[in-house]
Amino acid sequence: MSAPVRFLYSFAQAVATMTLYREGHPARDRAIDGAYAELHRLSETGQVQFTFLGDEVVCGKEPLRQLSGWEWAKRLADAGMQRVEFDADVSPADLEEFLEEVSARLVLTAPGSAETRQLLTRRIRFGTVGLRGGAAGVRDPEEEKRAAAPVDVPRFVYSLKEEADTLRWLHEQVQDAQQLHLAEAEAIVRSLTVAMHGDNEMLIPLLRLRQFDEYTTTHAMNVSVLAMALTEFLGLPQRDVRTFGVAGLLHDIGKVKIPHEILVKPGKLTDAERAVMNSHTVEGARIIVQTQDQLELAAVVAYEHHIMIDGGGYPNMRFRRDCHYASKIVHVCDVYDALRTKRPYREAWDADRVLAYIGEKAGSEFDDRIAQAFTAMMEKWEGRVARVTEDGETEGAEGETAVSR
């Protein structure tokens, strides 16, 4: 059992014990001492940070797979403790006070704002995770009820800059060193999941394009977010949500092999240039297969995401067959974000026009059921879709945000 897992088990035991025994009881003292001993061992190397994502617990950036489905993760998130940070110099008194806070929130007897602010000036911090400004729009009553947080819950402002920088580095590594780093790709997807579930509610944060040279990075992150949102909307297991998220993140990885002048050409491509551009699907699948044997699904999606239901698109298949479900999901997400983005050769389409196009092409270009689900999702969560900058600033509901090449 890893040190983070041992601490969280002892932490949960201490909270449970404190609800049963009053201050000064030997069982209570033993539970607190045990939790502090585990935290002290864990924090010897510096600050400790936990994020609770429903069915997953993340320590720093590493998922604790032993705690998949751990019931306390949801309880803590629902109590406004989606993220908890412990400084290296936490004292036993700090931990005991924090455990009392947790116990109070779990039984809905949280302290007033003055007490909370005093607690937060010390060496343990907790709160929900969100982007600056949130998203525009009004939630329905059921969403409002689910998202309701206990009083005086602080908020960690989340940034997408590190994820975007990591993805740019990942692309550079593929281009220069012929290496695809799975750990970094999975870390980006986990971080995007945190941003999507900030404040205990669904948010679809789509990164705003700053300049066209960054389109590949921005588009990959947006397709990953949309693919995870749609997979979740369709009711698939969380394991599939993140697996499809990685596939969405890497769907255009083959574009690192496309000459820059073709990628950024403002006008129509020649037939020869179009052939080179279309090769990114095959190149992407080849890159993934040759460098990561754990990403078979991502390789399939990279190869298939431009193939239409009626057999059109590319690459051409000698023998017609059905594409993978994940490829169909990524396909509709890919086209949506591309059309919603301003490109050198045309303006961005508005959301209604893109959704109308997807509806029109359902059954021919797109899988009919997936196209319908995507439209229903965007209509239901319309107020939860926001274009954001890399520093986490939201810029209102979707705005200026190509046909996908």
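Start by selecting E379, which sits in helix 17 (residues 368–380). Helices here are DSSP runs (H or I, at least four residues), numbered from the N terminus. E379 has 54% relative accessibility, so E379 counts as exposed. The scale runs like this: buried is under 20% relative accessible area, exposed is over 50%, and partly exposed is in between (1.4 Å probe, protein chains only). D352 and E379 are 27 residues apart along the chain, and their C-alpha atoms are separated by 9.7 Å.

A word on what you are viewing. This is a predicted model, in which local features need pLDDT of at least 70, side-chain atom pairs count only at pLDDT 80 or more, and totals for chains, interfaces and linings use all residues. Residues are numbered from 1 along each chain as its sequence is written, and side-chain values use heavy atoms, with hydrogens and water left out.

**Colour by confidence**

pLDDT is the predictor's confidence in each residue, from 0 to 100. The chain has a mean pLDDT of 84, and 84% of its residues reach 70 or more. Which elements have the lowest and the highest mean pLDDT? Helix 6 (residues 141–147) is the lowest at 42, and helix 15 (residues 325–339) is the highest at 97. Next, select residues 134–151. Their pLDDT stays under 50, and the model has 28 contacts for them beyond four places in sequence. A contact means heavy atoms within 4.5 Å. Then select residues 396–405. Here too the pLDDT is below 50, with 56 contacts in the model beyond near neighbours in sequence.

**Helix 1 and helix 2**

Two packed helices are described by the angle between their axes and the distance between the axes. Show helix 1 (residues 3–20) with helix 2 (residues 26–42). Their axes are 8 Å apart, at an angle of about 160°. That makes helix 1 roughly antiparallel to helix 2. Axes are lines fitted to C-alpha atoms, for helices over the stretch in contact, and angles run from 0 to 180 degrees between N-to-C directions. Under 35 degrees counts as roughly parallel, over 145 as roughly antiparallel, 65 to 115 as roughly perpendicular, and the rest as oblique.

Show the side chains at the contact. Among them are F7, F11 and M18 of helix 1, and I32, L39 and L42 of helix 2. The contact divides into twelve nonpolar, three polar and three charged residues. Ala, Val, Leu, Ile, Met, Phe, Trp, Tyr, Cys and Pro count as nonpolar, Asp, Glu, Lys and Arg as charged, and the others, Gly among them, as polar.

**Two backbone stops**

Most residues other than glycine have a negative phi, and most peptide bonds are trans. Select Q178, in the loop between helix 7 (161–177) and helix 8 (182–196). Q178 is not a glycine, yet has a positive phi of about 55°. Then go to P315, in the loop between helix 14 (296–304) and helix 15. The peptide bond from Y314 to P315 is cis, with omega near -5°.

**Last stop: V276**

Select V276 in helix 12 (residues 271–278). Not counting residues up to four places away in sequence, V276 touches I258, P259 and I262.

Conventions. Helices (H or I, at least four residues) and strands (E, at least two) are DSSP runs, numbered from the N terminus.
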